[in-house]
Amino acid sequence: MSTTPQETEIKKGLAGVVVDYTAISKVNPDSNSLLYRGYPVQELAAAKSFEEVAYLLWNGELPTPEQLEEFQARERAGRALDPVLKTVIDALPVGSHPMDVCRTAASVLGARHPQAEDSSPEANLSKAIDLWAAMPAVVAYDQRRRHGQDAVEPRDDLGYSANFLWMTFGEEADPAVVDAFNVSMILYAEHSFNASTFTARVITSTLADLHSAVTGAIGALKGPLHGGANEAVMHTFEELGIDPSESAEDAAARAKTWMEEALAAKKKIMGFGHRVYKHGDSRVPTMKAALDAMIEHYGRPELLGLYNGLEQAMDEAKSIKPNLDYPAGPTYHLMGFDTPTFTPLFVASRIVGWTAHVMEQAGANSLIRPLSAYNGVEERHLG
């Protein structure tokens, strides 16, 4: 067997490798803040709609009132579920994972788009808006069909987040729920060169179309080490057992014991730690505040107990902080989303970030093609 030359340093997982520039987002190490086009995401989540943040990520600046009105009208015009796509979704097994439905939907929408083979900046922005506008109907209908329910038509008098909830549950959501959902969409929208975004940029670098890049990104996001973590968090809560009659104190004590035993058994616990953040995910306080609001809104203190117990035990044992998926999972659960739908919600949000990166990559493209160090059998010959 040949060996890797001593002078070749392998960066497993591309850890620490800087591969390109981006003007879309960064983590500011001084403030430990995630910045979207320079704005701390917690400030955006506190004061802006998801539509305004989408506009910012795609265009570089927040919209004027006139630009926002035009942008909202463009998004609302694309909300309806394409009848052909509905037929395709209905042909998929009800037991298939919702992420498979999202992946298929992105591909179908790409094949049917009138600008499918046009990758000009104008066409890419148009396709990005269309895909972003269309995905909530896909996610909402897929959850509903699994419960034997029909699709709900979109409403053009509601904002993005309120309409998403309307199409999923068939009733107008309380403003507090809409606010919490809007916060989650903003926080999940973008995060630099994460696995799925880098996948989208690699595909784009081959000069493939925008929908191909997003389809590949959805495949990367499905994995539990990336987007699937928010589902895994809820599976942990479900394994613990959720009892609405339990007090927060009792739930916390039970969760703490469970975590201590799980860590002693070297069990992998999702929702904690992050490759980028070494002092805690900067998005967590904002999402935790949204979770607290939902716990109060729905009267479910036992979930706060489970959350606090697990977090405390992990901190005491490993000094590892939660990441965004940890508060997002129980927040979506309280709203009524099925656990397998959590990562598709991530898709609906991250389409904005992915497509911003697709357009940035296409604007200054170079084929992404890294090298490898061979450590297989040395040259040999037949006979």
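**Close-up views of a predicted model**

View A. The charged end of arginine 155 sits 4.9 Å from the centre of the tryptophan 166 ring, over its face (the rule: NZ of Lys or CZ of Arg within 6 Å of the ring centre and within 35 degrees of the ring normal). This is a predicted model, where local features need pLDDT of at least 70, side-chain atom pairs count only at pLDDT 80 or more, and totals for chains, interfaces and linings use all residues. Residues are numbered from 1 along each chain as its sequence is written, and side-chain values use heavy atoms, with hydrogens and water left out.

**View B. Tyrosine 332 and phenylalanine 342 make a tilted aromatic pair.** The structure holds 19 aromatic pairs (Phe, Tyr or Trp rings, six-membered for Trp, with centres within 6.5 Å; planes under 30 degrees apart are stacked, over 60 edge-to-face, the rest tilted). In this pair the centres are 5.8 Å apart and the planes 55 degrees. Tyrosine 332 lies in helix 15 and phenylalanine 342 in helix 16 (residues 342-363), so the pair ties together parts 10 residues apart in sequence (helices are DSSP runs of H or I, at least four residues, numbered from the N terminus). Tyrosine 332 is buried at 0% relative accessible area, and phenylalanine 342 is buried at 0% too (buried is under 20%, 1.4 Å probe, protein chains only).

**View C. Aspartate 325 sits in helix 15 (residues 325-335).** UniProt's unreviewed entry lists His274 and Asp325 for "active site"; such annotations may be inferred rather than shown by experiment. Aspartate 325 is buried, with a relative accessible area of 8%. Its contacts (heavy atoms within 4.5 Å), not counting residues up to four places away in sequence, include Tyr188, His226 and Phe346.

Conventions: Helices (H or I, at least four residues) and strands (E, at least two) are DSSP runs, numbered from the N terminus. Buried means under 20% relative accessible area, exposed over 50%, partly exposed in between (1.4 Å probe, protein chains only).
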